[in-house]
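Here are my notes on the model you sent over.

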Number of protein chains: 2
Amino acid sequence: MIRISIDAMGGDHGPEVVLPSLLRVAERRPDARFVIFGREEAVRPVLDRLPRLREVSDFVHCDVAVRMDDKPSQALRQGRWKSSMWKAIEAVKTGDADACISAGNTGALMAMSKFCLRTMADIERPAIAAIWPTIRGESIVLDVGATIGADAQQLVDFAILGAAMANALFDIERPTVGLLNVGVEEIKGQEEVKEAGRMLREAALETIDYRGFVEGDDIGKGTVDVVVTEGFSGNIALKAAEGTARQIAEYLRAAMSRTLMARIGYLFARGAFQRLREKMDVRKINGGVFLGLKGIVIKSHGAADEEGFAAAVELGYEMIRSGVFDKTRATLDLYHARRPMLAVGAVSDA
Amino acid sequence: MIRISIDAMGGDHGPEVVLPSLLRVAERRPDARFVIFGREEAVRPVLDRLPRLREVSDFVHCDVAVRMDDKPSQALRQGRWKSSMWKAIEAVKTGDADACISAGNTGALMAMSKFCLRTMADIERPAIAAIWPTIRGESIVLDVGATIGADAQQLVDFAILGAAMANALFDIERPTVGLLNVGVEEIKGQEEVKEAGRMLREAALETIDYRGFVEGDDIGKGTVDVVVTEGFSGNIALKAAEGTARQIAEYLRAAMSRTLMARIGYLFARGAFQRLREKMDVRKINGGVFLGLKGIVIKSHGAADEEGFAAAVELGYEMIRSGVFDKTRATLDLYHARRPMLAVGAVSDA
């Protein structure tokens, strides 16, 4: 049985989308159980319409709902201890749930998650990991927005966190890892990135196949399983790629409806376009995973529809089923147990 | 008459691609003249095959050619005063040419350009600007790789440089400008980005319509005419977008050749696909413009084919024809003339 806590009040649509999406998950994953947090008057009517969901769910009323435009500090002040978002996170801390999903505002969710769950030992700052579709399959990219200007040690931590996630989710024994960098020779990279590269090479962890620097276009190629960067450039890379995908979809739509011949061609190739749409469907890869906390929290896109929110919930399900958490802990212990030795090595080299 | 100096030895293909591409430009722009720099034995045979190009070109032999894998410091040491790259840049300085185009290695080209041409007064560091196709048309994005970790003043300078380029190239009187940032509320942006935003707002320049922060997906939407960022995230955004475009083209190709129906559909819609290919054709937007130097230098992609290199040359042509340089100078003077006043304003506010 896998238990997932749900903030039903998050996102642009609230319970009207969140609850039907849970039903989809319940139908596909018979051992999933939900603890749903939200306002009684908003959640109960929807839940009453979905008896099959009610069978696998507990509902907890919460007075407060964090708004999408609340500042994180404001959300913490008004929503701590009592909001649906806080309660859903807290369920992970108390052990009532194995993972928490919210489509609420990212800043508030991260602030509350840090405050409630705290970071794992040896981890200074959490990261948000995204699953990125590539030509070869899927890669993990982190951080896509939690920490701006990570230092070398934090980048190394992200590499460990991301590799553990790839190991568990994609079932790759020793995931390949690259540090995101720029290609111009003279100015190759920020100091932190270079230093993180040296540290990863020296650490020579059994759980990470460190492959050096990668560039922005390597992400989509799937050059490595895990792409590590700090949150500013990671967020910009993710959004630039999303923007480009939408832009091309727009071009394609315009081109295919412009002439009669194109429209006829479209009819014949409808199946192929359907497959392409599925490939490009961002709903299926919905979910930013907060890594480095003492518990799993997943942020769904605020605008997610039923299938989108269901994808985020199923991502949480898979994270638990595959034991990401224990695998992360094991690699972190390995790395930090070896660090004093590495430091000695560095001194004797000098 | 517009005179363009050409480093014929740069790029993956050298004179074999560079010279035929110049012929294309010559046919489309009858008032273009070229000064071609390169090794006699490599350039002369190709030039002899192209009499129409010879009519509008001067050729200057240079002993040294900068290699694509030379480090910038190495290129400067070995190629200063004498390489085809240096000579092509120097032609702009001496006034023998109005702009310089090279497909040689970016680091070396930037190092030599800075050394030979120097930065404009009031500009500390140059930027590389890219023309980015958007749903609305085209935008300018800078810096895409010259300066890592620009400070607030440098970001403001980039805004001025980019706006002047948009004004001249796109013929927009008061281009809209946005600072690239991340969307998560609590951690919204690096300090430098916030500070640059305040400075742009205070300066209230007549030549810039400053619109605040934009995110990665706003670039492709064409939300603003000019997107300003520092070189690390700009380079990563550009490459992530290029990678995504290639990835989708790959998906599309696979989808359209997989079934008989899809192949038939493709035949009908061939014209539409052709238009889409043209829209997505990166060759047509080839050329990174070095801004902030006392002269125009354009870097063509090293792997550019004839049409690609021709696009970079024509971009240089348009930059000169539209008077980017004088317009940049005018805005810079306006801004810096007003700066003491702004500083006084800031003090009296405190």
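**Notes on the chain and domain contacts**

1. Start with one pair across the chains. B:K239 and A:E215 form a salt bridge through their side chains, with N to O at 2.2 Å. This is a predicted model, and the distance is computed from its atoms. Across the interface of chain B and chain A there are four salt bridges. Residue pairs in polar contact number 10 there, both partners being at pLDDT 80 or more.

2. Which elements of chain B each supply at least two residues of the side that touches chain A? They are α6 (106–117), β5 (127–133), α9 (216–221), α10 (231–256), α11 (260–268) and α12 (270–279). The largest share comes from α10(B), with 20 residues. By class, this side of chain B has 32 nonpolar, 18 polar and 12 charged residues.

3. Now the extent of the chain interface. The contact involves 62 residues of chain B and 62 residues of chain A. Together the two chains bury about 5,500 Å², and 73% of that is on carbon and sulfur atoms. On the chain B side, B:F232, B:Y251 and B:F268 lose the most area to chain A. Together these three account for 12% of what that side buries.

4. Next, the domains within chain A. The assignment gives domain 1 (1–117) and domain 2 (122–350). In the contact, domain 1 of chain A contributes 36 residues and domain 2 of chain A contributes 30 residues. The C-alpha centres of the two domains of chain A are 25 Å apart. Between them, domain 1 and domain 2 of chain A bury about 2,700 Å². Carbon and sulfur atoms carry 68% of that area.

5. How many salt bridges link domain 1 of chain A and domain 2 of chain A? The count is six. One salt bridge in chain A pairs the side chains of A:E307 and A:R28, at 3.1 Å from N to O. Polar contacts between the two domains of chain A come to 13 residue pairs, both partners at pLDDT 80 or more.

6. Look at the side of domain 1 of chain A that touches domain 2 of chain A. Five elements are listed as each supplying at least two residues: β1 (2–7), α1 (15–28), β2 (32–38), β4 (99–102) and α6 (106–117) of chain A. Here α1(A) gives the largest share, nine residues. This side of domain 1 of chain A divides into 19 nonpolar, eight polar and nine charged residues.

7. A salt bridge inside one helix is also worth a look. A:K194 pairs with A:E191, the closest N and O atoms being 3.3 Å apart. Both residues lie in helix α8 (residues 191–203) of chain A. They are three residues apart, about one turn of the helix. Over all chains, the count of salt bridges comes to 46.

8. Last, confidence. Chain A averages a pLDDT of 89, and 93% of its residues score at least 70. Among the elements of chain A, strand β9 (residues 226–228) has the highest mean pLDDT, 98. Helix α14 (residues 324–349) of chain A has the lowest, 68. Over residues 343–350 of chain A the pLDDT is below 50. Beyond near neighbours in sequence, that stretch of chain A has zero contacts in the model.

Note on methods
Residues numbered from 1 in each chain as written. Chains lettered and ligands numbered in written order. Heavy atoms only, no water. pLDDT = per-residue confidence, 0-100. Helix = DSSP H or I, 4+ residues; strand = E, 2+ residues; numbered from the N terminus. Contact = heavy atoms within 4.5 Å. Domains from an automatic or database assignment. Buried area = accessible area lost by both parts, 1.4 Å probe. Polar contact = N/O pair within 3.5 Å; in protein donor to acceptor, adjacent residues only side chain to side chain. Nonpolar A, V, L, I, M, F, W, Y, C, P; charged D, E, K, R; others polar.
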